[in-house]
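Morning, everyone. Please bring up the model on your screens, and we will walk through it together.

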Amino acid sequence: YYPGSGVFVCNEGNFMYGNASLTYYNPSTGEVEPQIFYNANNFPLGDVCQSMEIINGRGYVVVNNSGVIYVIDPITRKYLGKISGLTSPRFIMGNGRGKLYVTEYYSPSIKVIDESSLAFIGEISLPVQDAGAMVYDAGYVYVCASASPCVVCKIDVSNDKLMVTTPVTLSPNSIVVDKNKKLWVLSDGGYYGSPLGQELAAISRINP
């Protein structure tokens, strides 16, 4: 979502087909613009558009199976740069101090990126793999980790250190902070036949 303007929609495309795309929706006019990345830059996004964040006026489009994050101007949609050398990125989040955090599939750590140069500058080790969705609030980044045990990790952005983990229901996939500064975590509970098992889906409310 771009404040006061519209909504960016990530279209994953078919796995291994390289046909991911980005759509823009203007809710005030009802106008839908497909293929805005390709139309602005004349090359495709790649394979599986996983997520997108707007951080300090720049759009970061995470393309999972291509192992790249494209940086764009959210107004012109023009390419500004990219973060490459990733294995399987899922989500990106800023820390308000010039750093970016990137989670990846099957990884027991979070990659730390310099916001200006887009270069790797560090890693934050986690006690579990499969870090995913993140949210930033009041000097901390909260990260959902969906491998067993399923937890929410609290990271202090002043020193990039893991502070504490909080158990949640199986397979947490999204997280937000409400106006009362409480965390809400949605867990889908896994699926039948999963090696981690299956539980009822749940929403967890956490006091950070």
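Let me start with a question: is Lys111 buried or exposed? Lys111 is buried, because its relative accessible area is 14%, and buried means under 20%. One caution before we go on. This is a predicted model.

Stay with Lys111 for a moment. You will find Lys111 in strand 10, residues 109-114. Its side chain meets the side chain of Glu104 in a salt bridge, at 2.9 Å from N to O. Glu104 is buried too, with a relative accessible area of 3%. Salt bridges with shared partners join Glu104, Lys111 and Glu123 into one network. Why would such side chains pair at all? Because side chains of opposite charge can pair when their charged atoms come close.

One more distance from here. Lys111 and Ser125 are 14 residues apart in sequence. In space, their C-alpha atoms are 9.0 Å apart.

Now the other salt bridges. How many are there by this rule? The count comes to 5. I will show you two more of them.

Take Glu33 and Arg77. Their side chains meet in a salt bridge, 3.2 Å from N to O. Glu33 lies in strand 3, residues 31-33. Arg77 lies in the loop between strand 6 (68-72) and strand 7 (79-83). So the pair ties together parts that are 44 residues apart in sequence. How covered are the two partners? Glu33 counts as partly exposed, at 26% relative accessibility. Arg77 counts as buried, at 12%.

Next, Asp160 and Lys99. Here the side chains meet in a salt bridge of 3.0 Å, N to O. The pair links distant parts of the chain, 61 residues apart. Asp160 is in the loop between strand 14 (151-156) and strand 15 (161-167). Lys99 is in strand 9, residues 99-104. Asp160 is buried, with a relative accessible area of 14%. Lys99 is partly exposed, with 25%.

On to the largest pocket. How much space lies in it? About 380 Å³. Its lining is made by 18 residues. Which of them lie nearest its centre? Asp130, Ser146, Ser171, Tyr191 and Leu196 do. Two elements give two or more residues to this lining: strand 8 (89-94) and strand 16 (172-177). By class, the lining has 10 nonpolar, 5 polar and 3 charged residues.

Pick out Ser171 from that group. Where is Ser171? Ser171 sits in the loop between strand 15 and strand 16. Ser171 counts as buried, at 18% relative accessibility. Look at its backbone as well. Phi of Ser171 is positive, about 65 degrees, although Ser171 is not a glycine.

Asn56 also has a positive phi, near 50 degrees, and is a residue other than glycine. Asn56 is in the loop between strand 4 (49-55) and strand 5 (58-63). Is Asn56 buried or exposed? Asn56 is exposed, because its relative accessible area is 65%, and exposed means over 50%.

Another loop residue now: Gln129. Gln129 lies in the loop between strand 11 (120-125) and strand 12 (131-137). Gln129 is partly exposed, with a relative accessible area of 37%. Which distance goes with Gln129 and Thr103? They are 26 residues apart in sequence, and 9.8 Å apart in space, C-alpha to C-alpha.

Last stop, the surface. Which residues make the nonpolar surface patch of about 370 Å²? Val176, Trp184, Leu186 and Ile203 make it. Find Ile203 in strand 18, residues 202-206. Ile203 counts as exposed, because its relative accessibility is 58%.

Lys111 is buried, and a network of salt bridges joins Lys111 with Glu104 and Glu123. The Glu33 and Arg77 pair ties together parts 44 residues apart in sequence, and the Asp160 and Lys99 pair links parts 61 residues apart. Ser171 is one of the residues nearest the centre of the largest pocket, and has a positive phi. Thanks, and over to you.

Definitions and conventions: Residues numbered from 1 in each chain as written. Predicted model: local features only at pLDDT ≥ 70, side-chain atom pairs only at ≥ 80, totals over all residues. Heavy atoms only, no water. 1 Å grid on protein atoms, 1.4 Å probe; cavity = no way out; pocket = protein on both sides within 12 Å on 5 of 7 lines; lining within 4 Å. Points joined across faces, edges and corners; volume = space filled by probe spheres on them. Helix = DSSP H or I, 4+ residues; strand = E, 2+ residues; numbered from the N terminus. Nonpolar A, V, L, I, M, F, W, Y, C, P; charged D, E, K, R; others polar. Patch = residues over 30% accessible without salt bridge, like charges linked within 9 Å, V, L, I, M, F, W, Y side chains within 5 Å. Areas by Shrake-Rupley, 256 points an atom, 1.4 Å probe, with all protein chains shown as cover. Salt bridge = Lys/Arg side-chain N within 4 Å of Asp/Glu carboxyl O. Buried < 20%, exposed > 50% of the residue type's maximum accessible area, 1.4 Å probe, protein only.
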